[in-house]
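Trainee: I have a model open and would like to talk it through. Can we start with the contacts?

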Amino acid sequence: MIVEDTVTQPAPEPPNRLRALLARRRVTVPLFAVAFAVWWYFVGLPTDPMLAALWLWFGTMAFRPDQPWRHHLGFARDWVPIVLLLVAYDFSRGLADNDVAPHVTEMIHADEWLFGGTLPTTWVQDHLYDAAHVHWYDVLASFVYFSHFVVSLTIAAVLWFRSRPLWAAFMRRWFTLTALGLATYFLYPAAPPWWASEHGYIAEHVMRMSGRGWEAIGLHGGSKLLAVGQSMANPVAAMPSLHSAFAMSAVAFFLFKVRKRWIPLLLAYPLLMSATLVYTGEHYVIDAIVGYAYVGAVYLFVWLGERWWARRTGRQVGEAAESFLRETAPAEAEAGEPAVAQAPRTPSDASDSSDASRRTPAVD
């Protein structure tokens with residue numbers, strides 16, 4: 001379990017220092033954006049976990065160029081276990097099939113049962129895929145598919161930047177979800193639709209085209225990099241869909257921290273991800289449904305673990321998250337929506353809250 005740090009944060013900056021910081025950001029942030037765009041065009045988007053973490057690290061340095069190196073090195077210290085987990089995940093996932101025949105027909109029958117005898121992947125490709133023309137939604141599908149590799153890590157980087165207790169709470173859930181998904185790949189190797197089609201389990205031809213849209217807009221490096229990564233990955237690690245699970249997890253962490261009117265917009269992302277996976281032949285609908293169920297189970301398990309740890313140690317776990325809820329609750333009330341109910345607080349909790357607020361970085 002990730003333990004929250006107790007690093008003392010700097011006091012709020014005076015106005016003249018804030019103006020100097022903003023002036024420096026006008027240089028460092030555009031430089032970072034240009035460098036990333038050049039890398040993206042010539043090399044491709046960073047799907048490798050070490051490269052992704054490195055670019056996120058550069059981003060935090062560009063956004064806070066005033067911070068000392070000790071602060072920036074703290075990012076590297078905190079993210080080493082995450083990168084190691086992702087590297088181990090990529091390596092071990094390729095071994096998960098263990099030369100055992102994968103499960104294939106169960107997912108096909110499940111999707112056909114859900115949709116009245118029709119297989120969604122073949123139906124949607126029959127109606128939308130055009131071998132002679134790349135549509136706008138093919139380009140959108142490529143970007144949505146790629147977002148799996150960066151969205152969760154980007155959210156984690158922003159949370160680390162703003163509040164390390166919030167970052168720790170998010171990473172506990174992400175870490176547990178990743179480990180559970182990897183364990184399932186070993187216990188239940190399952191083939192995706194494109195694999196089932198290639199091996200004759202699906203009569204219709206299923207195209208695997210998650211990188212097709214990038215070719216249409218000239219990002220050939222990104223398409224080739226994705227193809228290389230897919231060729232090295234385990235082709236029968238499809239159940240559950242961690243693409244769908246990570247997308248839902250990224251949304252679920254904020255569902256009770258935003259105004260209700262934003263919830264449908266947040267939920268649109270995991271639904272769009274799942275639709276993309278079905279259209280591009282990467283997953284069945286049942287894979288996405290199981291991925292969502294994993295998110296619910298993980299969030300419940302981690303929440304119970306946090307409550308148990310709080311009772312055992314007498315500490316308030318996730319104090320920053322509760323503080324964020326209290327900040328958004330009045331806004332809900334002003335908008336005519338009920339505020340989120342807060343649990344009764346003891347004097348010791350209030351003391352912990354005061355300490356946590358002193359540990360939370362100032363937000364520009």
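Trainee: Of the contacts between residues at least 6 apart in sequence, what share joins residues at least 24 apart?

Mentor: In the protein chain that share is 80%, where contact means heavy atoms within 4.5 Å. This is a predicted model, in which local features need pLDDT of at least 70 and side-chain atom pairs count only at pLDDT 80 or more, while totals for chains, interfaces and linings use all residues. Residues are numbered from 1 along each chain as its sequence is written, and side-chain values use heavy atoms, with hydrogens and water left out.

Trainee: How many helices and strands does the chain have?

Mentor: There are 16 helices and zero strands. Both are DSSP runs numbered from the N terminus: helices are H or I with at least four residues, strands are E with at least two.

Trainee: And what percentage of the residues is buried?

Mentor: Of the 364 residues, 46% count as buried. Buried means under 20% relative accessible area, exposed means over 50%, and partly exposed is in between, with a 1.4 Å probe and protein chains only.

Trainee: Which residues touch the most other members of the largest nonpolar core?

Mentor: Trp79, Ile82, Trp167 and Leu177 do, in a core of 40 residues. A nonpolar core is a set of buried Ala, Val, Leu, Ile, Met, Phe, Trp, Tyr and Cys residues joined through side-chain atoms within 4.5 Å.

Trainee: Which elements give two or more residues to that core?

Mentor: They are helix H2 (49–63), helix H3 (69–93), helix H7 (151–162), H8, helix H12 (242–252) and H14. The largest share, 10 residues, comes from H8. A second, separate core has 15 residues, including Val104 and Trp194.

Trainee: New topic. How many salt bridges are there?

Mentor: The count is three, taking a salt bridge as a side-chain nitrogen of Lys or Arg within 4 Å of a carboxyl oxygen of Asp or Glu. Arg172, Arg173 and Glu306 are linked in a network of them.

Trainee: How far apart are the closest N and O atoms of Glu306 and Arg172?

Mentor: They are 2.9 Å apart. Glu306 lies in helix H14 (residues 285–313) and Arg172 in helix H8 (residues 164–187), so this pair ties together parts that are 134 residues apart in sequence.

Trainee: What about Glu306 and Arg173?

Mentor: Their side chains also meet in a salt bridge, at 2.9 Å from N to O. Arg173 is in H8 and Glu306 in H14, so the pair ties together parts 133 residues apart in sequence.

Trainee: Is Glu306 buried or exposed?

Mentor: Glu306 is buried, with a relative accessible area of 3%. Arg173 counts as buried too, at 8% relative accessibility.

Trainee: Which residue meets Glu282 in a salt bridge?

Mentor: That is Arg208, at 3.0 Å from N to O. Glu282 counts as buried at 6% relative accessibility, whereas Arg208 counts as partly exposed at 30%.

Trainee: Last one: at what angle do the axes of H4 and H14 cross?

Mentor: The axes of helix H4 (residues 105–114) and H14 cross at roughly 90° and come within 8 Å. Axes are lines fitted to C-alpha atoms, for helices over the stretch in contact, and angles run from 0 to 180 degrees between N-to-C directions.

Trainee: Which residues make the contact?

Mentor: Met107, Ala110, Asp111 and Leu114 of H4 meet Val285, Ile286, Asp287 and Ile289 of H14.
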